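Have the structure open while you read.

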Amino acid sequence: MVRVGTLPMRLLALEMGADIVYTEELIDLKLIKSIRRPNPALGTIDFVDPSDGTIVFRTCALETSKVVLQLGTSDPARALAVGKLVQSDIAGLDINMGCPKEFSIKGGMGAALLSDPTKATNILRTLCSQLDIPVTCKIRILPNTLDTVNLVQQLAATGISAIGIHARTRDERPQHRPHPDVLRTVASAVDIPIIANGGSRDIHTYEDMHKFQSLCGADSVMVARAAQLNVSIFRKEGVLPIDTVIDKYLRLCVDYDNAPHNTKYCVQSILKELQETPRGKRFLQCQTLQQICEIWNLGDYCRRRQQELKDQGNVGRADVMPSQQGMNKRQKLDIVDNLSTSNTLDKYVGVISRNMAFLRSTYANDNQLPKTLLYVHAGRMGKQPPGYETHQCDKLFRSICSYDGQRYSSSFWEKNKKQAEQGAALVALLQLGLLTEEALYENGSLIS
(Lines give C-alpha, C1' and ligand atoms only; values in the text may rest on other atoms or scores of the structure.)
Protein backbone atom coordinates (compact mmCIF):
# COMPACT_ATOMS: atom_id res chain seq x y z
CA MET A 1 0.00 0.00 0.00
CA VAL A 2 1.24 3.47 -0.88
CA ARG A 3 2.70 5.23 2.21
CA VAL A 4 2.02 2.17 4.39
CA GLY A 5 4.57 -0.42 3.24
CA THR A 6 7.61 1.33 4.69
CA LEU A 7 10.17 -0.41 6.91
CA PRO A 8 8.50 -0.10 10.36
CA MET A 9 5.17 -1.50 9.14
CA ARG A 10 6.89 -4.28 7.18
CA LEU A 11 8.88 -5.34 10.24
CA LEU A 12 5.76 -5.26 12.40
CA ALA A 13 3.88 -7.38 9.84
CA LEU A 14 6.68 -9.98 10.00
CA GLU A 15 6.58 -9.90 13.79
CA MET A 16 2.82 -10.49 13.64
CA GLY A 17 3.25 -13.57 11.44
CA ALA A 18 3.33 -12.48 7.80
CA ASP A 19 5.52 -14.74 5.63
CA ILE A 20 6.44 -12.13 2.99
CA VAL A 21 6.16 -8.34 3.00
CA TYR A 22 6.00 -5.89 0.09
CA THR A 23 7.26 -2.34 -0.17
CA GLU A 24 4.95 0.40 -1.34
CA GLU A 25 5.14 0.91 -5.10
CA LEU A 26 8.47 2.58 -5.89
CA ILE A 27 8.96 4.25 -9.26
CA ASP A 28 11.91 3.12 -11.39
CA LEU A 29 13.33 6.58 -12.15
CA LYS A 30 13.33 7.51 -8.46
CA LEU A 31 15.33 4.42 -7.57
CA ILE A 32 17.74 4.73 -10.50
CA LYS A 33 18.69 8.22 -9.34
CA SER A 34 19.18 7.11 -5.75
CA ILE A 35 22.47 6.29 -4.02
CA ARG A 36 22.86 3.11 -1.95
CA ARG A 37 24.22 3.94 1.49
CA PRO A 38 24.75 1.64 4.49
CA ASN A 39 23.51 3.32 7.67
CA PRO A 40 25.51 1.80 10.58
CA ALA A 41 23.62 3.79 13.23
CA LEU A 42 20.26 2.29 12.21
CA GLY A 43 21.62 -1.00 10.90
CA THR A 44 19.92 -0.33 7.56
CA ILE A 45 20.66 -0.03 3.88
CA ASP A 46 19.29 3.27 2.59
CA PHE A 47 18.63 4.28 -1.00
CA VAL A 48 18.83 8.06 -0.84
CA ASP A 49 17.78 10.78 -3.26
CA PRO A 50 21.02 12.82 -3.39
CA SER A 51 19.20 16.00 -4.38
CA ASP A 52 17.31 16.43 -1.10
CA GLY A 53 18.27 13.58 1.24
CA THR A 54 14.89 11.85 0.94
CA ILE A 55 14.93 8.13 1.76
CA VAL A 56 13.52 6.39 -1.30
CA PHE A 57 13.85 2.88 0.15
CA ARG A 58 15.13 1.72 3.53
CA THR A 59 15.62 -1.93 4.45
CA CYS A 60 17.51 -4.02 7.01
CA ALA A 61 18.81 -7.54 7.61
CA LEU A 62 15.70 -8.53 9.58
CA GLU A 63 13.68 -8.55 6.35
CA THR A 64 16.22 -9.24 3.61
CA SER A 65 15.02 -12.79 2.99
CA LYS A 66 11.34 -11.80 3.13
CA VAL A 67 10.92 -8.39 1.52
CA VAL A 68 9.70 -7.98 -2.06
CA LEU A 69 10.23 -4.61 -3.73
CA GLN A 70 7.17 -3.57 -5.70
CA LEU A 71 8.27 -1.61 -8.76
CA GLY A 72 6.35 0.82 -10.90
CA THR A 73 7.82 0.75 -14.41
CA SER A 74 6.94 0.83 -18.08
CA ASP A 75 10.40 0.16 -19.49
CA PRO A 76 12.49 -3.06 -19.48
CA ALA A 77 15.84 -1.26 -19.36
CA ARG A 78 14.89 0.93 -16.40
CA ALA A 79 13.36 -2.03 -14.59
CA LEU A 80 16.55 -4.03 -15.09
CA ALA A 81 18.71 -1.15 -13.85
CA VAL A 82 16.66 -1.05 -10.65
CA GLY A 83 16.79 -4.82 -10.28
CA LYS A 84 20.58 -4.87 -10.48
CA LEU A 85 20.80 -1.98 -8.02
CA VAL A 86 18.68 -3.58 -5.30
CA GLN A 87 18.83 -7.34 -5.82
CA SER A 88 21.42 -7.94 -3.09
CA ASP A 89 19.13 -6.28 -0.53
CA ILE A 90 15.74 -7.89 -1.29
CA ALA A 91 14.18 -11.33 -1.63
CA GLY A 92 12.29 -10.62 -4.84
CA LEU A 93 11.17 -8.00 -7.34
CA ASP A 94 7.48 -7.54 -8.16
CA ILE A 95 6.24 -5.53 -11.14
CA ASN A 96 3.05 -3.63 -10.39
CA MET A 97 0.62 -4.20 -13.25
CA GLY A 98 -2.56 -3.62 -11.30
CA CYS A 99 -2.50 -0.10 -9.85
CA PRO A 100 -5.48 1.82 -11.32
CA LYS A 101 -4.37 5.23 -10.03
CA GLU A 102 -4.03 8.04 -12.56
CA PHE A 103 -0.34 8.71 -11.91
CA SER A 104 0.48 5.10 -12.78
CA ILE A 105 -1.78 4.90 -15.81
CA LYS A 106 -0.45 8.14 -17.34
CA GLY A 107 3.10 6.88 -16.98
CA GLY A 108 2.26 3.64 -18.76
CA MET A 109 2.72 1.75 -15.49
CA GLY A 110 0.40 -0.26 -13.27
CA ALA A 111 -2.90 -1.30 -14.84
CA ALA A 112 -1.88 0.36 -18.13
CA LEU A 113 0.29 -2.72 -18.76
CA LEU A 114 -2.82 -4.93 -18.76
CA SER A 115 -3.72 -3.53 -22.16
CA ASP A 116 -0.18 -3.95 -23.51
CA PRO A 117 0.78 -7.62 -22.97
CA THR A 118 3.75 -7.31 -25.32
CA LYS A 119 5.39 -4.64 -23.19
CA ALA A 120 4.42 -6.43 -19.98
CA THR A 121 5.97 -9.73 -21.06
CA ASN A 122 9.05 -7.96 -22.40
CA ILE A 123 9.67 -6.36 -19.00
CA LEU A 124 9.23 -9.67 -17.16
CA ARG A 125 11.32 -11.70 -19.60
CA THR A 126 14.17 -9.17 -19.38
CA LEU A 127 14.17 -9.33 -15.59
CA CYS A 128 13.81 -13.10 -15.30
CA SER A 129 16.70 -13.71 -17.67
CA GLN A 130 19.14 -11.25 -16.11
CA LEU A 131 18.48 -11.07 -12.36
CA ASP A 132 19.54 -13.49 -9.64
CA ILE A 133 16.36 -13.14 -7.56
CA PRO A 134 12.75 -14.27 -8.12
CA VAL A 135 10.59 -11.97 -10.24
CA THR A 136 6.81 -11.74 -9.86
CA CYS A 137 4.05 -9.45 -11.01
CA LYS A 138 0.66 -8.34 -9.72
CA ILE A 139 -2.33 -7.78 -11.99
CA ARG A 140 -6.08 -7.23 -11.87
CA ILE A 141 -8.59 -9.50 -13.55
CA LEU A 142 -9.94 -8.45 -16.95
CA PRO A 143 -13.69 -8.04 -17.60
CA ASN A 144 -13.68 -11.36 -19.46
CA THR A 145 -12.53 -14.51 -17.62
CA LEU A 146 -11.04 -16.15 -20.71
CA ASP A 147 -9.03 -13.00 -21.47
CA THR A 148 -7.71 -13.09 -17.92
CA VAL A 149 -6.64 -16.71 -18.31
CA ASN A 150 -4.89 -15.94 -21.60
CA LEU A 151 -3.06 -12.96 -20.10
CA VAL A 152 -1.88 -14.92 -17.07
CA GLN A 153 -0.63 -17.73 -19.30
CA GLN A 154 1.40 -15.24 -21.34
CA LEU A 155 2.88 -13.70 -18.19
CA ALA A 156 3.63 -17.10 -16.66
CA ALA A 157 5.56 -18.11 -19.79
CA THR A 158 8.15 -15.36 -19.14
CA GLY A 159 9.68 -17.30 -16.26
CA ILE A 160 8.16 -15.44 -13.30
CA SER A 161 8.05 -17.29 -9.99
CA ALA A 162 4.47 -16.36 -9.01
CA ILE A 163 1.68 -13.97 -9.91
CA GLY A 164 -0.49 -11.89 -7.61
CA ILE A 165 -4.03 -11.32 -8.84
CA HIS A 166 -6.42 -8.72 -7.45
CA ALA A 167 -9.91 -10.16 -7.76
CA ARG A 168 -11.39 -6.98 -9.22
CA THR A 169 -11.14 -5.28 -12.60
CA ARG A 170 -9.26 -2.07 -13.28
CA ASP A 171 -12.45 -0.01 -12.90
CA GLU A 172 -13.71 -1.68 -9.72
CA ARG A 173 -12.97 -0.34 -6.26
CA PRO A 174 -12.99 -1.75 -2.70
CA GLN A 175 -16.75 -1.22 -2.34
CA HIS A 176 -17.33 -3.69 -5.18
CA ARG A 177 -17.47 -7.40 -4.44
CA PRO A 178 -14.36 -9.36 -5.50
CA HIS A 179 -14.56 -12.25 -8.00
CA PRO A 180 -12.89 -15.27 -6.39
CA ASP A 181 -14.47 -17.54 -9.02
CA VAL A 182 -12.32 -15.90 -11.71
CA LEU A 183 -9.17 -16.52 -9.68
CA ARG A 184 -10.16 -20.15 -9.18
CA THR A 185 -10.50 -20.58 -12.96
CA VAL A 186 -7.12 -18.93 -13.54
CA ALA A 187 -5.42 -21.00 -10.85
CA SER A 188 -6.51 -24.21 -12.52
CA ALA A 189 -5.11 -23.04 -15.88
CA VAL A 190 -1.50 -22.30 -14.90
CA ASP A 191 1.28 -24.10 -13.05
CA ILE A 192 2.88 -21.17 -11.19
CA PRO A 193 1.72 -20.12 -7.70
CA ILE A 194 -1.26 -17.75 -7.59
CA ILE A 195 -1.37 -15.14 -4.82
CA ALA A 196 -4.96 -14.01 -4.23
CA ASN A 197 -5.61 -10.35 -3.38
CA GLY A 198 -8.69 -8.18 -2.96
CA GLY A 199 -10.53 -9.89 -0.11
CA SER A 200 -9.92 -7.37 2.68
CA ARG A 201 -13.57 -6.34 3.04
CA ASP A 202 -14.33 -9.86 4.32
CA ILE A 203 -11.06 -10.43 6.20
CA HIS A 204 -11.28 -9.65 9.90
CA THR A 205 -9.37 -12.57 11.42
CA TYR A 206 -6.49 -14.86 10.56
CA GLU A 207 -8.99 -17.60 9.63
CA ASP A 208 -10.71 -15.29 7.15
CA MET A 209 -7.51 -15.14 5.08
CA HIS A 210 -7.57 -18.90 4.63
CA LYS A 211 -11.26 -18.79 3.71
CA PHE A 212 -10.50 -16.31 0.94
CA GLN A 213 -7.55 -18.40 -0.21
CA SER A 214 -9.82 -21.46 -0.43
CA LEU A 215 -12.51 -19.57 -2.34
CA CYS A 216 -9.91 -18.47 -4.90
CA GLY A 217 -8.15 -21.83 -5.16
CA ALA A 218 -4.94 -19.89 -4.63
CA ASP A 219 -1.56 -20.86 -3.21
CA SER A 220 -1.32 -17.82 -0.96
CA VAL A 221 -3.09 -14.61 0.05
CA MET A 222 -1.89 -11.02 -0.14
CA VAL A 223 -3.58 -8.70 2.38
CA ALA A 224 -3.41 -4.92 2.14
CA ARG A 225 -6.33 -2.89 3.54
CA ALA A 226 -7.18 -5.30 6.35
CA ALA A 227 -3.53 -5.22 7.48
CA GLN A 228 -3.43 -1.45 7.14
CA LEU A 229 -6.27 -1.22 9.68
CA ASN A 230 -4.69 -3.69 12.09
CA VAL A 231 -1.48 -5.44 11.10
CA SER A 232 -1.97 -8.04 13.83
CA ILE A 233 -4.45 -9.68 11.43
CA PHE A 234 -1.53 -12.04 10.70
CA ARG A 235 -1.52 -13.42 14.26
CA LYS A 236 -2.89 -16.94 14.55
CA GLU A 237 -3.74 -16.14 18.19
CA GLY A 238 -6.05 -13.27 17.19
CA VAL A 239 -5.81 -9.52 16.63
CA LEU A 240 -4.32 -7.20 19.24
CA PRO A 241 -5.92 -3.99 20.60
CA ILE A 242 -5.07 -1.04 18.38
CA ASP A 243 -3.20 0.79 21.17
CA THR A 244 -0.89 -2.21 21.49
CA VAL A 245 -0.35 -2.20 17.73
CA ILE A 246 0.33 1.56 17.67
CA ASP A 247 2.78 1.24 20.57
CA LYS A 248 4.75 -1.46 18.75
CA TYR A 249 4.61 0.49 15.49
CA LEU A 250 5.82 3.76 17.03
CA ARG A 251 8.77 2.06 18.71
CA LEU A 252 9.85 0.73 15.32
CA CYS A 253 9.37 4.18 13.77
CA VAL A 254 11.70 5.66 16.39
CA ASP A 255 14.23 2.84 16.08
CA TYR A 256 14.41 3.25 12.30
CA ASP A 257 14.02 7.05 12.14
CA ASN A 258 10.82 6.92 10.11
CA ALA A 259 9.55 10.17 8.58
CA PRO A 260 6.96 11.85 10.87
CA HIS A 261 4.48 12.46 8.04
CA ASN A 262 4.60 8.79 7.05
CA THR A 263 4.25 7.67 10.67
CA LYS A 264 1.26 9.96 11.14
CA TYR A 265 -0.46 8.67 8.00
CA CYS A 266 -0.14 5.05 9.13
CA VAL A 267 -1.46 5.79 12.62
CA GLN A 268 -4.38 7.67 11.08
CA SER A 269 -5.18 4.57 9.03
CA ILE A 270 -5.35 2.56 12.24
CA LEU A 271 -7.39 5.07 14.24
CA LYS A 272 -10.03 5.78 11.58
CA GLU A 273 -13.08 7.31 13.36
CA LEU A 274 -11.13 7.49 16.65
CA GLN A 275 -9.41 10.55 15.19
CA GLU A 276 -12.54 12.44 16.29
CA THR A 277 -11.97 11.64 19.97
CA PRO A 278 -10.14 14.15 22.23
CA ARG A 279 -6.96 12.07 22.01
CA GLY A 280 -7.38 11.70 18.25
CA LYS A 281 -7.71 15.44 17.81
CA ARG A 282 -4.54 16.02 19.84
CA PHE A 283 -2.79 13.48 17.64
CA LEU A 284 -3.89 15.28 14.47
CA GLN A 285 -2.07 18.41 15.66
CA CYS A 286 1.24 16.53 15.90
CA GLN A 287 4.05 17.47 13.53
CA THR A 288 7.03 15.53 14.85
CA LEU A 289 7.73 11.95 15.84
CA GLN A 290 8.35 13.17 19.37
CA GLN A 291 4.90 14.76 19.56
CA ILE A 292 3.21 11.63 18.20
CA CYS A 293 5.03 9.44 20.72
CA GLU A 294 3.95 11.68 23.60
CA ILE A 295 0.31 10.82 22.84
CA TRP A 296 1.05 7.13 23.49
CA ASN A 297 3.34 7.75 26.50
CA LEU A 298 6.49 7.03 24.51
CA GLY A 299 7.97 10.51 24.72
CA ASP A 300 10.90 9.49 26.93
CA TYR A 301 11.63 6.49 24.72
CA CYS A 302 11.65 8.70 21.62
CA ARG A 303 13.96 11.32 23.17
CA ARG A 304 16.41 8.72 24.44
CA ARG A 305 16.56 6.69 21.23
CA GLN A 306 16.86 9.72 18.98
CA GLN A 307 19.80 10.98 21.03
CA GLU A 308 21.41 7.53 20.95
CA LEU A 309 21.04 7.33 17.19
CA LYS A 310 22.42 10.84 16.75
CA ASP A 311 25.42 9.97 18.93
CA GLN A 312 25.98 6.90 16.75
CA GLY A 313 26.12 9.09 13.64
CA ASN A 314 22.60 8.86 12.23
CA VAL A 315 21.85 11.75 9.87
CA GLY A 316 18.22 12.77 10.23
CA ARG A 317 16.18 15.16 8.09
CA ALA A 318 17.37 18.11 10.20
CA ASP A 319 20.98 17.35 9.26
CA VAL A 320 20.44 17.07 5.50
CA MET A 321 22.56 19.46 3.49
CA PRO A 322 23.20 19.82 -0.24
CA SER A 323 25.56 17.19 -1.58
CA GLN A 324 27.66 17.39 -4.71
CA GLN A 325 27.02 13.70 -5.40
CA GLY A 326 25.04 13.29 -8.55
CA MET A 327 25.13 17.01 -9.43
CA ASN A 328 26.08 18.39 -12.78
CA LYS A 329 28.78 21.02 -13.33
CA ARG A 330 26.33 23.93 -13.36
CA GLN A 331 24.85 22.94 -9.99
CA LYS A 332 28.33 22.64 -8.45
CA LEU A 333 29.21 26.11 -9.70
CA ASP A 334 26.01 27.45 -8.15
CA ILE A 335 27.13 26.13 -4.77
CA VAL A 336 30.46 27.89 -5.14
CA ASP A 337 28.76 31.13 -6.20
CA ASN A 338 26.25 31.06 -3.35
CA LEU A 339 27.63 29.21 -0.36
CA SER A 340 31.37 28.63 -0.36
CA THR A 341 34.22 30.90 0.68
CA SER A 342 36.10 30.18 -2.54
CA ASN A 343 36.69 33.53 -4.33
CA THR A 344 33.68 35.14 -2.60
CA LEU A 345 32.73 36.27 0.88
CA ASP A 346 30.64 33.55 2.55
CA LYS A 347 27.09 34.85 2.47
CA TYR A 348 26.36 33.28 5.85
CA VAL A 349 29.22 34.92 7.79
CA GLY A 350 27.68 37.20 10.40
CA VAL A 351 24.23 35.69 9.95
CA ILE A 352 22.39 34.69 13.15
CA SER A 353 21.47 31.09 12.50
CA ARG A 354 19.40 28.44 14.31
CA ASN A 355 18.25 25.01 13.18
CA MET A 356 14.60 25.90 12.61
CA ALA A 357 12.03 23.95 10.59
CA PHE A 358 8.86 25.56 9.27
CA LEU A 359 5.86 23.33 10.04
CA ARG A 360 2.90 24.76 8.12
CA SER A 361 0.05 23.14 10.04
CA THR A 362 1.34 24.70 13.26
CA TYR A 363 -0.27 27.95 12.10
CA ALA A 364 -4.06 28.15 12.07
CA ASN A 365 -4.23 30.93 9.47
CA ASP A 366 -2.02 33.12 7.29
CA ASN A 367 -2.07 35.98 9.82
CA GLN A 368 -0.07 33.81 12.21
CA LEU A 369 2.67 32.86 9.73
CA PRO A 370 6.20 33.93 10.75
CA LYS A 371 6.71 36.25 7.77
CA THR A 372 3.39 37.96 8.49
CA LEU A 373 4.21 38.42 12.18
CA LEU A 374 7.62 39.89 11.37
CA TYR A 375 6.14 42.22 8.73
CA VAL A 376 3.50 43.49 11.16
CA HIS A 377 6.13 43.96 13.88
CA ALA A 378 8.28 46.02 11.50
CA GLY A 379 5.34 48.30 10.76
CA ARG A 380 4.56 48.82 14.42
CA MET A 381 8.19 49.68 15.14
CA GLY A 382 8.43 52.06 12.18
CA LYS A 383 11.09 49.90 10.51
CA GLN A 384 11.59 48.91 6.90
CA PRO A 385 9.89 45.61 5.99
CA PRO A 386 12.16 42.56 6.12
CA GLY A 387 13.77 41.31 2.92
CA TYR A 388 14.66 37.78 1.88
CA GLU A 389 17.51 36.33 -0.14
CA THR A 390 17.03 32.65 -0.95
CA HIS A 391 19.61 30.18 -2.23
CA GLN A 392 18.65 27.00 -4.04
CA CYS A 393 20.78 23.91 -4.37
CA ASP A 394 18.97 21.39 -6.55
CA LYS A 395 15.83 20.55 -4.51
CA LEU A 396 16.88 22.28 -1.27
CA PHE A 397 16.43 25.90 -0.22
CA ARG A 398 17.88 28.16 2.46
CA SER A 399 17.00 31.82 3.00
CA ILE A 400 18.48 34.86 4.73
CA CYS A 401 16.07 37.33 6.30
CA SER A 402 17.43 40.89 6.52
CA TYR A 403 15.73 43.12 9.10
CA ASP A 404 16.82 46.28 10.90
CA GLY A 405 20.49 45.90 10.03
CA GLN A 406 20.76 42.24 11.03
CA ARG A 407 20.51 39.01 9.06
CA TYR A 408 18.85 35.78 10.18
CA SER A 409 18.72 32.29 8.71
CA SER A 410 17.72 28.74 9.51
CA SER A 411 20.32 26.04 8.93
CA PHE A 412 17.47 23.64 8.14
CA TRP A 413 17.36 23.19 4.37
CA GLU A 414 13.73 23.31 3.25
CA LYS A 415 12.17 21.76 0.16
CA ASN A 416 10.81 25.00 -1.28
CA LYS A 417 11.53 28.73 -1.29
CA LYS A 418 8.47 29.80 0.70
CA GLN A 419 9.24 27.43 3.55
CA ALA A 420 12.87 28.56 3.64
CA GLU A 421 11.77 32.19 4.00
CA GLN A 422 9.33 31.30 6.78
CA GLY A 423 12.11 29.45 8.60
CA ALA A 424 14.39 32.48 8.39
CA ALA A 425 11.59 34.69 9.71
CA LEU A 426 11.14 32.30 12.63
CA VAL A 427 14.79 32.76 13.60
CA ALA A 428 14.32 36.53 13.48
CA LEU A 429 11.21 36.37 15.66
CA LEU A 430 13.07 34.23 18.20
CA GLN A 431 16.09 36.54 18.35
CA LEU A 432 13.83 39.60 18.67
CA GLY A 433 12.10 38.02 21.67
CA LEU A 434 8.74 37.74 19.94
CA LEU A 435 8.80 33.95 20.29
CA THR A 436 10.33 31.75 23.00
CA GLU A 437 12.65 28.78 22.64
CA GLU A 438 10.33 26.74 24.86
CA ALA A 439 7.35 27.25 22.55
CA LEU A 440 9.39 26.50 19.43
CA TYR A 441 10.88 23.33 20.96
CA GLU A 442 7.41 22.23 22.01
CA ASN A 443 5.86 22.60 18.55
CA GLY A 444 8.84 20.92 16.88
CA SER A 445 10.12 23.96 14.98
CA LEU A 446 13.38 24.45 16.88
CA ILE A 447 15.67 21.46 16.49
CA SER A 448 18.46 20.86 18.97
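The largest nonpolar core has 94 residues, and Ile 139, Leu 155, Ile 163 and Phe 234 touch the most other members. A nonpolar core here is a set of buried Ala, Val, Leu, Ile, Met, Phe, Trp, Tyr and Cys residues joined through side-chain atoms within 4.5 Å, where buried means under 20% relative accessible area with a 1.4 Å probe, protein chains only. Apart from that core lies another one of 18 residues, among them Tyr 408, Ala 425, Val 427 and Leu 440.

This is a predicted model: local features need pLDDT of at least 70 and side-chain atom pairs pLDDT 80 or more, while totals for chains, interfaces and linings use all residues. Residues are numbered from 1 along each chain as its sequence is written, and side-chain values use heavy atoms, without hydrogens or water.

Now for two helix pairs. Helices are DSSP runs (H or I, at least four residues), numbered from the N terminus; axes are lines fitted to C-alpha atoms over the stretch in contact, with angles from 0 to 180 degrees between N-to-C directions.

| Pair | Axes | Angle |
|---|---|---|
| α6 (residues 145-156), α7 (residues 180-187) | within 9 Å | roughly 45° |
| α3 (residues 76-86), α5 (residues 117-130) | 9 Å apart | about 35° |

In α6, Thr 145, Thr 148, Val 149 and Val 152 meet Val 182, Thr 185 and Val 186 of α7, with contact meaning heavy atoms within 4.5 Å. The residues of this contact divide into 4 nonpolar, 3 polar and no charged.

How values were computed. Buried < 20%, exposed > 50% of the residue type's maximum accessible area, 1.4 Å probe, protein only. Nonpolar A, V, L, I, M, F, W, Y, C, P; charged D, E, K, R; others polar.
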